[in-house]
Amino acid sequence: MRFLRDESKFAQGKIAVLQYFTVAVFVFILGGYWNLQIRNEELYSSKAERNRIKSLPMPAPRGKILDRDKRVIVDNHSSFSVLLSRETLRDEHLQPIAEGLGLDYEELVARLKRFRARPKYQAVIIKEELTPSDIAFVESHRDPDTYPEMELIHTEKRVYPASGFAAHMIGYVGEVSEAELNQADFAKYQQGDMVGKTGLERQYNDLLTGVDGQRQVLVDNIGNERRILGMKPAVAGQNIELTVDLDVQTVMELAMDGRRGGAIALDPRNGEVLAMTSKPSFDLSKLSSRERTKEWRDIFSNPDKPLLNRAIQAQLSPGSTFKPFVALAALEAGTVDEHTSFTCTGGMTFAGRYFRCHNRHGHGPTSLKKALAQSCDVYFYNVGARLGIDRISALGEIAGLGQKTGIDLPAEAEAMLPSSRWKIRNLREKWHEGDTVNVAIGQGYLTMTPIQLAYGIGGIVMGGVWHTPHLLRNGDAPKKPAHQAELNLDHVRTVMDGMCDVVNGGGTAGSARLPGGEMCGKTGTAQTASNEYQKAKGIHLKDNAWFIAFAPRVNPEIVVAVLFEEGEHGPQAGTIARDIVKAYFDKKVRKEVSQTGVPAVTASAPADAANAPARVAN
């Protein structure tokens with residue numbers, strides 16, 4: 001019996017030990033559970049969160065911009081950007097991240113606020129074009145224990161020509177704004193996307209923009225990629241080929257360098273833009289960024305308005321470059337013929353007011369061709385008075401003045417082609433004869449842009465066919481029918497002859513003559529303010545210099561319009577146009593020699609050019 005009692009005590013002891021052990025195991029398990037789920041819940045859930053699938057964006061490169069010979073004008077280069085995940089972002093990390101990447105803290109906070117309406121799983125690019133030190137900072141701090149919000153991705157950065165080359169024509173890209181997101185053109189974009197802001201980048205944004213890809217990767221709890229789970233490759237944007245000739249563009253850029261104004265060269269046979277520039281210019285790379293740098297702010301606040309594309313937006317009096325339009329209007333209306341002569345004595349009186357000629361000594365008896373060549377103001381005062389403003393306006397309207405030419409660039413200006421009806425409607429005043437004689441010499445209410453001048457003269461030298469100026473050359477180029485008008489080709493030839501005498505017949509632009517070639521043109525010297533205003537203000541403002549050129553004399557291939565602000569005299573702009581025309585024909589010679597081995601045809605006119613009719617394009 002005693003043995004049985006001892007054995008029972010031993011069994012009870014074993015059961016007790018087993019019970020204690022079981023309780024200890026449960027306590028251990030519960031402790032572990034408490035440690036995992038309660039005490040360090042944040043730590044372990046954070047680690048588990050990191051050990052998961054990540055979707056990383058793969059931004060698509062934009063299409064390249066090429067010239068007419070397929071030479072690259074705008075390209076892309078490989079770079080790295082840093083993303084910030086808003087899902088895992090901790091506010092206390094923002095300051096050290098901004099300092100580590102050299103970012104302005106306030107701007108970083110403001111940038112993140114702009115994404116408040118977007119889903120949190122969409123990360124935000126906070127810096128592009130990382131430097132080696134930026135990359136080192138990200139790589140050494142994006143671990144889970146430091147700043148796991150950061151992520152490094154590969155991107156393609158736009159590479160623009162240096163020194164503001166063709167900046168206004170090309171335009172720049174930037175992050176789509178809230179205002180743009182409400183516009184139909186940007187309906188398919190979302191906050192954070194890069195879009196074209198100005199120029200060709202804006203005009204052909206949909207062609208140039210590709211389709212972003214995405215990469216799904218499995219990352220471990222310290223942020224290292226373990227496996228690629230899926231990939232949707234990015235689709236690059238479409239390359240666009242321009243009508244622009246890089247060689248002519250380069251010469252135009254150099255000829256206008258250091259000046260303020262705009263220039264454009266067109267092929268009047270088809271409307272192709274061969275070159276276009278505006279000065280002063282700006283560095284495109286400073287604007288094509290998500291960051292607002294000091295240089296960016298300087299460009300916007302510059303009083304010389306470098307962002308203004310003077311080739312299509314400068315609305316200024318064209319001065320005497322308007323006289324060929326007046327001459328043609330008078331010939332078409334029959335109020336003068338090529339033999340009609342007026343005597344210039346240095347000025348004349350209209351409606352009780354004395355109007356001076358630029359030649360205070362007078363040009364003497366002056367015919368229409370001589371008036372064009374010598375730019376006689378008195379002759380055109382008389383022509384304007386005979387014609388009246390409405391017939392001048394009607395011809396200007398046919399030539400596309402006072403309206404947009406329709407070039408494939410955003411924000412083209414209309415400028416002003418006045419008429420008696422316009423003055424009553426807009427100023428509530430009657431039109432006066434003095435107004436007409438002012439317009440007849442390209443002053444007064446009349447304003448034009450360089451592209452309107454090139455387009456208008458281009459259609460006239462084509463015998464009445466105006467092709468819409470355009471920059472896109474490949475298959476997606478807009479096909480707009482040419483505007484045509486019935487012009488008397490004898491009248492057109494008379495005006496063209498007068499313009500040829502401006503350069504080659506002892507006219508006002510002899511300095512623009514091309515040796516061995518035949519460039520024709522018309523000078524313009526336009527006041528920027530009336531003499532009375534300058535006298536009252538005690539100031540002297542320099543005149544703007546204009547020049548319109550076409551070449552060769554027969555079957556013109558190029559028309560060039562130059563605006564040189566404060567250039568004082570038209571011939572100053574004429575020499576710029578001469579260099580551009582020369583560059584065009586020099587290249588033509590080189591090209592033909594390289595293709596045939598035979599010296600090419602130059603801009604020289606055939607001996608009977610003066611008697612040949614102007615060609616009417618189809």
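Mentor: A definition to start: buried means under 20% relative accessible area, exposed over 50%, and partly exposed in between, with a 1.4 Å probe and protein chains only. This is a predicted model, in which local features need pLDDT of at least 70 and side-chain atom pairs count only at pLDDT 80 or more, while totals for chains, interfaces and linings use all residues. Residues are numbered from 1 along each chain as its sequence is written, and side-chain values use heavy atoms, with hydrogens and water left out.

Trainee: Is Cys376 buried or exposed?
Mentor: Cys376 is buried, with a relative accessible area of 0%. Cys376 is in no disulfide, and the nearest cysteine sulfur, that of Cys344, is 3.7 Å away. A disulfide here is a pair of cysteine sulfur atoms within 2.5 Å.

Trainee: And what about Cys357, buried or exposed?
Mentor: Buried, at a relative accessible area of 2%. Cys357 is in no disulfide either; its nearest cysteine sulfur belongs to Cys344, 3.9 Å away.

Trainee: How many disulfides does the structure hold, then?
Mentor: It holds 1. Cys500 is joined to Cys520, S to S 2.0 Å, and the link is right-handed, with 75° about the S-S bond.

Trainee: Which parts does that pair tie together?
Mentor: Cys500 lies in helix α21 (residues 489-504) and Cys520 in strand β19 (residues 520-526), so the pair ties together parts that are 20 residues apart in sequence. Helices (H or I, at least four residues) and strands (E, at least two) are DSSP runs, numbered from the N terminus. Cys500 is buried at 1% relative accessible area, and Cys520 is buried at 0%.

Trainee: Switching to helices. Why is α14 largely enclosed by the rest of the structure?
Mentor: Because 9 of the 11 residues of α14 (residues 323-333) are buried. Among them are Phe325, Val326 and Leu328. Just after α14, Gly334 takes a positive phi of about 80°.

Trainee: At what angle do α16 and α17 pack?
Mentor: Helix α16 (residues 377-387) and helix α17 (residues 389-398) pack at about 95°, with their axes 6 Å apart. Axes are lines fitted to C-alpha atoms, for helices over the stretch in contact, and angles run from 0 to 180 degrees between N-to-C directions.

Trainee: Which residues meet there?
Mentor: Gly384, Arg386 and Leu387 in α16 meet Ile389, Arg391 and Ile392 in α17, where contact means heavy atoms within 4.5 Å.
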